[in-house]
Amino acid sequence: MKTTLKLLMVLFVTLLVSCGGKEEKKKEGFSYQKKATTEKAATPKAEKVSASKKVNLDNKGVGPIKSITLGAEIDQAMATHGEDVYKKMCTACHRADKKFIGPAPKGILERRTPEWVMNMILNPEQMVKEDPLAKELLIEFNGAPMANQHLTEKEARAVLEYFRTLK
Amino acid sequence: MKRILTSSIATLIILLGFTSCNNGNKSNSKSGALANNIAEKVYIAPGEYDSHYAFISGGYSGNLTVYGLPSGRMFKEIPVFSQFPTSGYGYSEETKPMLNTSHGFIPWGDSHHPDISQSKGEIDGRWVFINENNTPRIARISLTTFETEEIIEVPNSAGNHSSSFVTENTEYVVAGTRFSVPIPQRDMPIKDYKGNFQGALSFISVAPETGNMDIKFQVLMPGFNYDLSHPGRGKSHGWFFFTTYNTEEASTLLEVNASQNDKDFIAAINWKKIEEYVNNGGGKMMPANYTHNVYDEHTHTAKSTMNKEVRVVNPIDVPGAVYFIPTPKSPHGCDVDPSGEYIVGNGKLSANLTVHSFTKMLDAIEKEKFAGEAYGIPILNFEDVLAGVVEQPGLGPLHTEFDGQGNAYTTFFISSEVVKWKIGTWEVIDRKPTYYSVGHLTIPGGNSGKPQGKYMFAMNKITKDRYLPTGPEMEHSAQLYDISGEKMELLLDFPTHGEPHYAAAMEASLIKEQSQKIYKLADNKHPYAAKSDAETKVVRDGNEVHIYMTTIRSHFSPDNIEGVKVGDKVFFHVTNLEQDFDVPHGFAVLGQNNSELLIMPGQTKSSVWEPKQVGVWPFYCTDFCSALHQEMQGYIRVSAADSDVPIKWSLGEDIE
């Protein structure tokens, strides 16, 4: 604690000193190890797979969607509609191919069942309370809750179809 | 210390023992809430709902408050005539036009008499209307969004008090003037009031689908004070009744000079007849200035238009449309029973309560039994129209409501009580004290053909010792009574906000089902909305900078903005992308000479900021929206007026 305080003091002083210039270079006035890499050394654990990387193709999640059969081919019209819905309702927190506020949907169907994906869209409040994977994801993503954007089942299904196109 | 504690506990146990032994024997235990199960009657268990909504005017708060009955809990304050920094009403660019008048922007109002819309003589829960007393206006509030949707100014009026009561199919919402004034307004000596000032009674039509208001006509009456009013209903539908005082036409020291006449009048207006006259081209358009402010739920924006003329009608031009019914001493409330037959004139300086008969009134008119005339308007004989008198029921009667079971309930200001009496026999059945000096009272469904009985509440003007003291100023008290039995039973004492005058109340079921949860993003037609992250941007237009910003748990997009300069006028147009119930986000920026914004899901609101100091200023979400609420923040860089820092914005990466 004391050390942290001292470090903060140093940081403040550095900041104060550096004020006034027009072009101010970014400074890393901090040498404390910010990332929790020390844990591994303390208690050697089995390699932990983060929730977003875990593969579970059995779990259908909790919610209205019990069973979905995907067509052999991607339904392009549905996917286009899904992309439109995704852009309007989801992009505030999700980027197609990179982690943003929430995980990226790219390749999601290699890790999750279609039912799980739709239940996460349609029923996020219950999912993060009851579904073990969703619970872990909430922690992995800093407690940022998946917002219920009140998509219809049809819209959620279209978004799922769009996700199939993300390769 | 320990010993004191032990002994006090012991004493307490002994006392408890005593109380439980004597329960039911002691006479004073009867007045205890638990002894009579009164507490149970007002107790709403956690998570349970009240059975009734009450919309209580905020008086000089200018607003309308929403309460639950029987618990007396306040759920919401709806801003109507006053700026409301809590939500940004009257501060945001979208809502500033709501408070525009012919006198310019007015930040405050004095709201008085809410009334719920009706269909076929029953309240239908679509809208609440409420009047502004000081700068005469009528507002319409939606009971799906619980937002003020429309405000119309009333020209030629002053002290808009005998307002805003609706006819039985909401054909009209009616607004009468309390103060008579020169019409048109002009520079003249005050002492020449008599015979020169006039009182305007305005009939504002309400469009059946949209609720949009329009002044259909104004009846220009003699220069009395038109105090309160109510519509005829059932058999008297098509008529409207207004109490008057100051028929002396005094302009100074009214407390003496307006109390001289033994009787003042109730003005009976056959509005159907005048409507027909007007539909046939009757009346004349006179120049006027009055604003009509309409809020659009889809653009989330209000628009203010100035109307330039109004149709006025001289009552003597429409024979058979207007009569005066003599009513003892400065009547205040003017209340019509559910059948439409009885018109109660609450003569506030009279010992008795006067009840007129609509049937007798029609009969006297038909037989032309007139006692005289005032400015060409026939005056009927008091005795010819009288249905009955409630003899000496109390001191200072003000208002009467009905339970639909043949009983009436009248408030008495001076003797601080509510008196229950029987229609037809005029006998007093019960009386209960109020605490203190009661004004209006409300029975759910009050101003309609079908009151919903069960509860009645009295709104008092004086609080004194009812609650823990809060310095010289205190919220006014209200008392809730159970009126389902022969005798009224006092259930609850609860504080109200502002200076409540009247309230409208109704069973909860209708409104509860229709109450809106979110605004659909797809329906958002705001010109500056950013309906997805892709639409966020910052645009400079001269010295105006428009920031199209979005919110969702838990970030603003963009959250880093540069290129703003001292002297700029910065518009934050914030769209809340959430589509879930009860997830508003707030917006505030350091040093802003304005209120915060509170943006509902799917809504866009705009706030102006004129930065005066160079620096990097934070903005943040004011509504604790999620576990990462404290992270919901951003920075806006303000450079010197002559700087060449370009407009740039970003989210999640450094501005390059």
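**Helix packing and its surroundings**

Modeller: Helix 4 of chain A and helix 7 of chain A lie oblique to each other, a class left for angles that are not roughly parallel (under 35 degrees), roughly antiparallel (over 145) or roughly perpendicular (65 to 115). This is a predicted model, in which local features need pLDDT of at least 70 and side-chain atom pairs count only at pLDDT 80 or more, while totals for chains, interfaces and linings use all residues. Residues are numbered from 1 along each chain as its sequence is written, and chains are lettered from A and ligands numbered from 1 in the order in which they are written. Helices (H or I, at least four residues) and strands (E, at least two) are DSSP runs, numbered from the N terminus.

Helix 4 of chain A covers residues 114-122 and helix 7 of chain A covers residues 153-165; they pack at about 130°, and their axes are 10 Å apart. Axes are lines fitted to C-alpha atoms, for helices over the stretch in contact, and angles run from 0 to 180 degrees between N-to-C directions. Helix 4 of chain A brings Pro114(A), Val117(A), Met118(A), Ile121(A) and Leu122(A) to the contact, and helix 7 of chain A brings Glu153(A), Ala156(A), Arg157(A), Val159(A), Leu160(A) and Phe163(A). Contact here requires the C-beta atoms of two residues, placed from the backbone, to lie within 7 Å. Nine residues of this contact are nonpolar, none is polar and two are charged. In this scheme Ala, Val, Leu, Ile, Met, Phe, Trp, Tyr, Cys and Pro are nonpolar, Asp, Glu, Lys and Arg are charged, and the others, Gly among them, are polar.

Helix 7 of chain A also meets helix 3 (residues 76-89) of chain A, where the axes come within 7 Å and cross at roughly 105°. Helix 3 of chain A and helix 7 of chain A are therefore roughly perpendicular to each other. On the side of helix 3 of chain A the contact includes Met78(A), Ala79(A) and Tyr86(A), while Val159(A), Leu160(A) and Tyr162(A) are among the residues of helix 7 of chain A. The residues of this contact are eight nonpolar, three polar and four charged.

Chain B itself holds seven helices and 46 strands. Its radius of gyration, taken over C-alpha atoms, is 28 Å, close to the 26 Å of the globule rule for 656 residues, so chain B is as compact as a globular protein of that length; the rule is 2.2 Å times the number of residues to the power 0.38. The C-alpha trace of chain B spans about 90 × 85 × 45 Å along its principal axes.

Strand 21 of chain B is joined to strand 22 (residues 342-347) of chain B by four bridges in antiparallel fashion, with Pro331(B) opposite Gly347(B).

Two local details of the backbone follow. Ser557(B) and Pro558(B) are joined by a cis peptide bond with omega of about -5°, and Pro558(B) sits in the loop between strand 38 and strand 39 (560-565) of chain B. Lys120(B) has a positive phi, near 50°, and lies in the loop between strand 6 (115-119) and strand 7 (122-132) of chain B. Most residues other than glycine have a negative phi, and most peptide bonds are trans.

Note on methods
Pairing = 2+ DSSP bridges.
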